[in-house]
Amino acid sequence: MKPDVDPHTHPNGTRPASTEEKNGVGAASTSMAVDSPEKDMITPSGFSRHELVRLMVQSLQSLGYKKTAQELETESGYQLESAAVTRFRECVLTGNWEELEHLAGKLDLNPAHEVSVKFLIREQKFLELLEARQIKSALIVLRSELTPLNQNMERVHTLTSYMMSTSAEDLRQRASWDGSDGTSRQALLTALQKYISPAVMVPESRLETMLKQATELQTMNCFYHDNRNTTSSLYSDHVCEKTGIPTVSRRVLDSHTNEVWYISFSHDGRYLASASADRRIIIWNLETFEPMQTLQGHEDKVTCCVWSPNDSQILTAGNDRAVNLWDVQTGTLKSSFKRHSDAAICLGWLPSGDRFVSGSEKDLLLTTTAGEQLCSWKYPVRDLAISNDGKMLVVMCGAIIRVIDLEDMTEIR
């Protein structure tokens with residue numbers, strides 16, 4: 001079945017009200033929320049028949065089946081929206097700002113939202129006038145319509161700065177706005193709809209939104225969910241079979257002679273580092289699954305290993321209280337830092353690659369790769385994490401989680 005084509009459809013996707021609609025026949029022209037004699041009828045599953053039909057009509061229209069949507073409205077007696085709401089949408093998409101404000105006052109808005117709605121409308125009006133290089137008219141809107149609202153004055157100041165734009169293109173770049181011929185009017189409609197009751201104006205793509213929520217919930221609750229399962233169908237519930245769980249080992253890496261205590265992938269995914277109670281760290285090539293380097297230098301069990309941001313170096317920590325810095329390609333020990341008062345158990349690189357944090361059961365240290373100790377804290381550390389921008393350090397201290405600002409070295413409380 002091909003989408004119906006309405007020759008009278010507006011280029012922006014709206015349809016002018018028919019003669020019947022204008023005269024109040026076939027549309028609820030006297031009220032915002034659409035009424036019907038059977039409005040409160042309930043479906044066998046407990047849903048409102050009125051609401052369900054309106055969502056179906058909206059979905060059919062969005063898919064292009066406009067005639068089918070009209071037939072459903074006629075047969076059911078339920079209209080998607082009143083003629084006033086249809087006209088409201090048309091005014092947004094065609095830029096009829098004066099009539100739009102007049103219609104907005106009839107949409108039973110919460111009085112607390114009236115100013116916000118006016119601000120959004122006048123902001124778009126201002127930007128479009130400025131884009132059309134009607135500078136004087138834009139200035140009048142700014143001074144006489146936007147400023148008196150006393151709403152979001154910081155935004156008003158920003159809009160004022162756009163008066164300095166040298167061209168329409170300059171304005172669009174400054175404002176990160178795609179203009180009246182772009183999607184800005186559709187974005188305005190979406191923003192305005194947040195202030196309008198969904199019973200008056202059904203949220204855009206509401207049925208598809210609910211279907212997406214339902215499928216996402218099924219995926220979230222799938223006990224054996226496999227991310228490789230990308231199939232999706234509305235005909236059945238999402239289910240991943242237990243048989244999808246890997247049960248056969250691809251490779252067994254067995255070069256260690258004692259328990260492996262920590263493993264870490266390189267950032268590029270080409271290598272794997274494993275730290276063991278046998279006092280060794282093995283760098284594995286994941287193309288061949290063979291050891292590329294075996295790092296030996298700790299005097300006791302190795303507890304942790306982390307790759308530098310560029311994967312050229314690796315830090316290791318051990319029960320010998322040492323933190324060792326290694327060159328990955330050569331396998332040589334570049335530096336050994338023995339400043340902890342107990343076994344070193346966790347590590348973290350800063351994004352710059354020239355500083356790192358190490359923790360033990362008794363202390364926490366911030367050190368440069370050149371060996372300079374920048375700061376220390378007397379915390380019993382169990383684990384740590386550094387934010388991607390390197391500005392924040394989070395430390396797990398038993399039942400307490402501490403957050404440290406790495407710019408001024410102070411604890412955030």
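In this predicted model, strands β2 and β3 (residues 280-285) run antiparallel and are joined by 5 bridges. Within this pairing, Tyr271 stands opposite Asn285 in β3. The two strands form a hairpin with 3 residues between them, and Arg279 in the turn has a positive phi of about 75 degrees.

Strand β2 also pairs with β1 (residues 260-265): these strands run antiparallel, with 5 bridges joining them. Here Tyr262 has Ala275 of β2 as its bridge partner. The hairpin of β1 and β2 has 5 residues between the strands, and Gly269 takes a positive phi near 75 degrees.

| Hairpin | Residues between the strands | Residue with positive phi | Phi |
|---|---|---|---|
| β1 and β2 | 5 residues | Gly269 | near 75 degrees |
| β2 and β3 | 3 residues | Arg279 | about 75 degrees |

Strand β2, which spans residues 271-276, is mostly covered, with 6 of its 6 residues buried. Both faces of the strand are covered. On one side lie Tyr271, Ala273 and Ala275, and on the other Leu272, Ser274 and Ser276; all of these are buried.

Another part of the chain carries a recorded annotation. An unreviewed UniProt entry places the feature "domain: CTLH" at residues 81-137. In the model, the span of residues 81-137 is 72% helix and 0% strand. The C-alpha atoms at the ends of this span lie 34 Å apart.

Key. Residues numbered from 1 in each chain as written. Predicted model: local features only at pLDDT ≥ 70, side-chain atom pairs only at ≥ 80, totals over all residues. Heavy atoms only, no water. Buried < 20%, exposed > 50% of the residue type's maximum accessible area, 1.4 Å probe, protein only. Helix = DSSP H or I, 4+ residues; strand = E, 2+ residues; numbered from the N terminus. Pairing = 2+ DSSP bridges. UniProt positions renumbered as here; feature names shortened; annotations may be inferred.
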